[in-house]
Amino acid sequence: MEKNKRIVDKETKIVTFLISRKEKDRVCSRYHVDEEMAKEIEKIIQLTEENVGKKASIHFQMQAKDIRPTETAPVLTALDSGLRCSLKRWGLLGFQEKQVIFNARSESALEKKIFKEGVEYRRIVIPAAWFYEWNHNKEKNVFYRKGKSVLFMAGIYNHYEDGDHFTILTTQANASMKPIHDRMPLVLEESEIIPWIFDRHKAIEFLQKVPCLLDRKAEYEQMSLL
């Protein structure tokens, strides 16, 4: 019993740290979705064996808006041998009331009890038009993939009484992200979506991958040109 208590205490410290950080220290604490993403997502759904030859569709209205922790968002999940796009709530539940874990380090996710089962059995992909990150001066930056209407972030989810909740996996920042933050979402290539969701061994390899370079727009830089 004492051993279990120490494990819980250790996990609680992790959760408390994740949710108590100031806005500028958070990793991908807000991202954007829009209507243009829907066509790209439907094309990817059609690529899976279960959906070949079928007219895949998203059975809810994709609206342009920013997504924040605790809100519902579209995600790609496994459906038998095919894919589906469904809504899940952003943020795993912590060990204390009102605690939310909205991201998890990919490098150590298999070592944490709260993330391990999700990595092994409940992997998802979170589509976004772009995500935001704040620098040390609290200035907002927008990260996106040039020439693409959507980027894909790796995630996992857990089951709860009120439904499924997900978290976004993060990794060390690459050269495009380092000027702003030392972490970034684990961004997948379109060709990695199906292996990430369906192939456990490939997914574990992806936990150590270096994401592609992203383009950046900064609101404060745009304002300085006025």
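The legends below describe several close-up views of one predicted model.

In this predicted model, local features need pLDDT of at least 70 and side-chain atom pairs count only at pLDDT 80 or more, whereas totals for chains, interfaces and linings use all residues. Residues are numbered from 1 along each chain as its sequence is written, and side-chain values use heavy atoms, with hydrogens and water left out.

View 1. The chain holds 6 helices and 15 strands, where helices (H or I, at least four residues) and strands (E, at least two) are DSSP runs numbered from the N terminus. Of its 226 residues, 49% count as buried, that is, under 20% relative accessible area, with exposed meaning over 50% and partly exposed lying in between (1.4 Å probe, protein chains only). The chain exposes about 12,300 Å², of which carbon and sulfur atoms supply 49%; accessible areas come from the Shrake-Rupley method with a 1.4 Å probe, and for residues only the protein chains shown count as cover. Among contacts (heavy atoms within 4.5 Å) between residues at least 6 apart in sequence, 68% join residues at least 24 apart.

**View 2. The open sheet of 5 strands.** The strands follow the order β2-β1-β9-β10-β15, with antiparallel pairing; two strands pair if DSSP finds at least two bridges between them. At the edges stand β2 (65-67) and β15 (215-218), each of which pairs on one side only. From one strand to the next the twist averages 30°, with axes taken as lines fitted to C-alpha atoms and angles running from 0 to 180 degrees between N-to-C directions. Strands of a sheet pair through backbone hydrogen bonds, either parallel or antiparallel.

**View 3. The pairing of β1 with β2.** Strand β1 (residues 31-33) and β2 pair in the antiparallel sense over 3 bridges. Val33 has Lys65 of β2 as its bridge partner.

**View 4. Lys217 in strand β15.** Lys217 has a relative accessible area of 40% and is therefore partly exposed. The C-alpha atoms of Lys217 and Tyr144 lie 8.4 Å apart in space, although the two residues are 73 residues apart in sequence.

**View 5. Glu189 in the loop between β14 (187-188) and α4 (193-198).** Because its relative accessibility is 25%, Glu189 counts as partly exposed. Apart from its neighbours within four places in sequence, Glu189 is in contact with Arg145, Lys209 and Cys212. Met153 is 36 residues away from Glu189 along the chain, and their C-alpha atoms are separated by 9.0 Å.
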